[in-house]
Number of protein chains: 2
Amino acid sequence: MTEVEIEYCVPCGLLDRAEEMQHNLLQQFGQRLDRVALVTGENGVLRVTVDGERVWDKSEDEYDPDLVLRRVRSHVSP
Amino acid sequence: MTEVEIEYCVPCGLLDRAEEMQHNLLQQFGQRLDRVALVTGENGVLRVTVDGERVWDKSEDEYDPDLVLRRVRSHVSP
């Protein structure tokens, strides 16, 4: 089971960015992912976790779609 | 906690339709939803559940974005 969560700040208008990240992941990995959930949040959050482990966080990382894919890939069965 | 799941058939190319449904729900209800998960599936599935209860299913219902919103709304705290 590989479950990705993307928590995003609703009041900051980060839904589009979260959807873009989600789309890239589902396009890239398809059924190698069980699910990708968009989780509503606030206070500027934009964070990606895989099976509970944080792999990308706006507060620490530059936004780079390929970086997110690479970090998730290491958690996805080949 | 209001959790929505949208299971969609990956091989059938239903990702776009699932994303459209998800976008409508998150635009409409924002933080009144805790999360909306896209769940990968096959065999033609396109199904929306709210807290585990099925509210819309491609095998029984016409695709009508407003219908999906109405059915989810009855599960969302005012």
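Which residue in E2(B) is the bridge partner of A:Val39? In E2(B), that partner is B:Arg35, and this briefing walks through the contact around the pair. The model is predicted, so to speak of local features requires pLDDT of at least 70, side-chain atom pairs count only at pLDDT 80 or more, and totals for chains, interfaces and linings use all residues. Residues are numbered from 1 along each chain as its sequence is written, chains are lettered from A and ligands numbered from 1 in the order in which they are written, and side-chain values use heavy atoms, with hydrogens and water left out.

**Symmetry**

- Chain A superposes on chain B by a rotation of 180 degrees with 0.0 Å of shift along its axis, at an RMSD of 0.0 Å (least squares on the C-alpha atoms of residues with pLDDT of at least 70 in both copies).
- The two copies are thus related as by a two-fold rotation axis.
- Within chain A, A:Ala37 has the C-alpha nearest the axis, 1.9 Å from it.

**The interface**

- Chain A gives 23 residues to the contact and chain B gives 23 residues, where contact means heavy atoms within 4.5 Å.
- Because 100% of the interface residues of chain A are also interface residues in chain B, the copies meet through the same surface.
- About 1700 Å² is buried between chain A and chain B, 47% of it on carbon and sulfur atoms (buried area is the accessible area, with a 1.4 Å probe, that two parts lose on being put together, summed over both).
- On the chain A side, A:Gln31, A:Arg35 and A:Thr40 lose the most area to chain B, together 30% of what that side buries.

- Two salt bridges run between chain A and chain B, each a side-chain nitrogen of Lys or Arg within 4 Å of a carboxyl oxygen of Asp or Glu.
- A:Glu5 makes a salt bridge with B:Arg35, with the closest N and O atoms 2.7 Å apart.
- The side of chain A that touches chain B draws at least two residues from each of strand E1 (3-9), helix H1 (15-29) and strand E2 (35-41); helices (H or I, at least four residues) and strands (E, at least two) are DSSP runs, numbered from the N terminus.
- Over all chains, the structure holds 14 salt bridges.
- A:Glu3 forms a salt bridge with A:Arg35, the closest N and O atoms being 3.7 Å apart.
- That pair links distant parts of the chain, A:Glu3 in strand E1 and A:Arg35 in strand E2, 32 residues apart.

**Strand pairing**

- E2(A) pairs with strand E2 (residues 35-41) of chain B in the antiparallel sense over five bridges (strands pair if DSSP finds at least two bridges between them).
- In chain A, strand E3 (residues 46-50) and strand E4 (residues 53-57) pair in the antiparallel sense over four bridges.
- A:Val48 stands opposite A:Trp56 in E4(A).
- E3(A) and E4(A) form a hairpin with two residues between them, and A:Asp51 in the turn has a positive phi of about 50 degrees.
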